[in-house]
There are 2 protein chains.
Amino acid sequence: MQKILYTNNVSEAIESLVKEINPVSVHIITDENVERDVLARLALPYPRIVVKAGDEHKNIASLSQIWAGLIEQGATRHSLVINIGGGVITDMGGFAAATYKRGIKFINVPTTLLSAVDAAVGGKTGINFEGFKNEIGAFAPADAVVISTILFATLPREELLSGYAEMIKHGLLSSEKEYNELLNFHILDANLESLLPLLEKSVKVKERIVEEDPKEHGIRRALNLGHTAGHAFEGLALERDTPMPHGYAVAYGMLVEMILSHTLLQYPSAELYRYASYLKDNGYGAPAIDCKDYDALVEYMRHDKKNLTRDTINFTLLASPGNPLIDRTASESDIRASLDIFRDLMGI
Amino acid sequence: MQKILYTNNVSEAIESLVKEINPVSVHIITDENVERDVLARLALPYPRIVVKAGDEHKNIASLSQIWAGLIEQGATRHSLVINIGGGVITDMGGFAAATYKRGIKFINVPTTLLSAVDAAVGGKTGINFEGFKNEIGAFAPADAVVISTILFATLPREELLSGYAEMIKHGLLSSEKEYNELLNFHILDANLESLLPLLEKSVKVKERIVEEDPKEHGIRRALNLGHTAGHAFEGLALERDTPMPHGYAVAYGMLVEMILSHTLLQYPSAELYRYASYLKDNGYGAPAIDCKDYDALVEYMRHDKKNLTRDTINFTLLASPGNPLIDRTASESDIRASLDIFRDLMGI
């Protein structure tokens, strides 16, 4: 079981964890941006391994740099790694720690809302390889995670919106009450202190699901809500050199999958309108697609690695907010019809 | 719990495991030598990934070649890897499988006695990195291991002796009876069919210990018997460009550590003579060392990665055959005295 601390006193939380774990040495893994924007404010007395920022550097070269840095700094199997950064750093630093001398302890300190709510918790670590995302990796839960919303102070608004979409997803998976609470919160107007208790609830949803199914044989696939359609939006946008924040893609994907849920499982139509309004009123914009893009979008969904066979497209759907159903399939014509309704609801 | 099949019908055993596991696809990982000497005789209908042979190729480049091969051959997370080879292949192929898409199933088919008795069982996987042995890796037990002595038919005699030393080690850890049985067996004169039941007993010793302590927090360190002094002999020989088979180094190391056990724990002196005679009568030769090498040997032992602190040298010692004691320390003068007695017993 991972230990997760929710606090806005980050340095103190890290120091108390280090004291408790009592390692031979401590090594910080971070990227150039986080070193400049965040580490300067934390004043942690540990040597650093600083990799280049960005998903394009989540690769063997950076991983080797981290391993070499650990050797150079004299890390033993009783040392501790602290990953401070977004999802790239917690994924890659976690994998580096999980494989250094066959595995040493590590702590994640997510510095983006997206990594706090998603990447830092749950034990998925890894790197990209030959253009495939997270193709190489391991299931290795961090020994502890420090979650703090004040680290998000320098994040641009689209990073906040992107992470918040994953929080909404957790609300939808958990209960109508939690989902309502999230739709009544407006992340761009809120202060970051008030986000902390909501974030704690949200991370606990993921914890509960991961604890039940750590290696994704069943119910953990519920966390893919919004991601089959979402990855299609994300892939298409990337292909056109207009990349879209991951959480935006998931936000749109959830609407498509709510529409499919309405068609296939009587998900209430009023909920479709309510959610579409939330997206429009809170700055998520809309993807630039029209009906000529349906072929490409369906093709992306067909190649999603979560599909169980080559001939069906797999979704997590919803009977209602709080009631997800995994491993549902939809026909191509259902998907095309849902994209029509999606464009209608988003006004595109 | 690993499933271990002891059989001299290798192809049939592999086919029955494949049937049972029922993977989407099967991929063989091997090296050039094994492909030429062994795979030709097995006639397995699966695509192969063939890396260069030798410990110097147990590195990131070969690991990346394996990952890329798995992608190219279309391996999914429901595919199966079969590692056929010596310790380099089972260690590296196991690590590749354990990290491909965060882990897929794999089977080990050791083709050397050393890998059968040691590397293929127990879940240690990995590669060398920046000159450090097994610096990067994971604990990942094979889903099954197929152990067959007929695969050793083309092995040179020093490979058989090298592996047999690790079997003797298991006998020493297990019981006086098993140890006696091993010293009464003469590997170079024996037929390989008669080796199979002895090997099965030997692997079971390791299995019992690993099951009790998979991540080497305690009793698994008993498996390091002979290795603190052994690694020193091995390191010195390598430094002088006269590399020594690993098992020979362990065989010599066990004698040094028996002598220390005699000094510190009253290990019976008659046992020292008996074991030294076995080594001399069965073709193990002796290391080319004299008293001018003691400084270097002690230095190697001091830097052994199994030491718990920087100031002491850690050994697994024996109260008697079958009674190991982990985490024992010896002083430098005890070690030098034991090297004197070692040279005396070996006649060097």
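Start by selecting B:Arg221, which counts as buried at 14% relative accessibility. Buried here means under 20% relative accessible area, exposed is over 50%, and partly exposed lies in between (1.4 Å probe, protein chains only). This is a predicted model, where local features need pLDDT of at least 70 and side-chain atom pairs count only at pLDDT 80 or more, while totals for chains, interfaces and linings use all residues. Residues are numbered from 1 along each chain as its sequence is written, chains are lettered from A in the order in which they are written, and side-chain values use heavy atoms, without hydrogens or water.

**Stop 1: a loop in both chains**

Stay on B:Arg221. It sits in the loop between helix H8 (192-212) and helix H9 (227-239) of chain B. Helices (H or I, at least four residues) and strands (E, at least two) are DSSP runs, numbered from the N terminus. The side chain of B:Arg221 reaches the backbone oxygen of B:His217 at 3.4 Å.

Now switch to chain A and pick A:Glu216. It lies in the loop between helix H8 (192-212) and helix H9 (227-239) of chain A. A:Glu216 is buried, at 12% relative accessibility. Check its backbone: phi is positive, about 60 degrees, although the residue is not a glycine.

**Stop 2**

Go to helix H6 (residues 157-174) of chain B and select B:Ser162. Is B:Ser162 buried or exposed? It is buried, with a relative accessible area of 5%. Its side chain reaches the backbone nitrogen of B:Gly247 at 2.8 Å. Show the contacts (heavy atoms within 4.5 Å). Leaving out residues up to four places away in sequence, B:Ser162 touches B:Leu114, B:Pro245, B:His246, B:Gly247 and B:Tyr248.

**Stop 3: aromatic rings**

Over all chains, the structure holds 12 aromatic pairs. Rings of Phe, Tyr and Trp (its six-membered ring) pair if their centres lie within 6.5 Å; planes under 30 degrees apart are stacked, over 60 edge-to-face, and the rest tilted. Select B:Tyr248 and B:Tyr284. Their ring centres are 5.5 Å apart and their planes stand at 65 degrees, so the pair is edge-to-face. B:Tyr248 is in helix H10 (residues 246-265) of chain B and B:Tyr284 in the loop between helix H11 (269-281) and helix H12 (294-302), so the pair ties together parts 36 residues apart in sequence. Both B:Tyr248 and B:Tyr284 are buried.

Then select A:Phe233, A:Tyr252 and A:Phe342, which form one aromatic cluster.

**Stop 4: where the chains meet**

Show both chains. Here 26 residues of chain B are in contact with 26 residues of chain A. The two chains bury about 2500 Å² between them, 59% of it on carbon and sulfur atoms. Buried area is the accessible area (1.4 Å probe) that two parts lose on being put together, summed over both. Highlight B:Ile71, B:Arg102 and B:Glu135: they supply 29% of the area that chain B buries against chain A, more than any other three residues.

How many salt bridges are there between chain B and chain A? The count is two. A salt bridge is a side-chain nitrogen of Lys or Arg within 4 Å of a carboxyl oxygen of Asp or Glu. Zoom in on B:Lys101 and A:Glu135, which form a salt bridge with the closest N and O atoms 3.2 Å apart.

Which element of chain B gives the most to the side that touches chain A? Colour S7(B), which gives seven residues.

End on B:Asn134, in strand S7 of chain B. Its phi is positive, near 50 degrees, in a residue other than glycine.

Technical notes
Polar contact = N/O pair within 3.5 Å; in protein donor to acceptor, adjacent residues only side chain to side chain.
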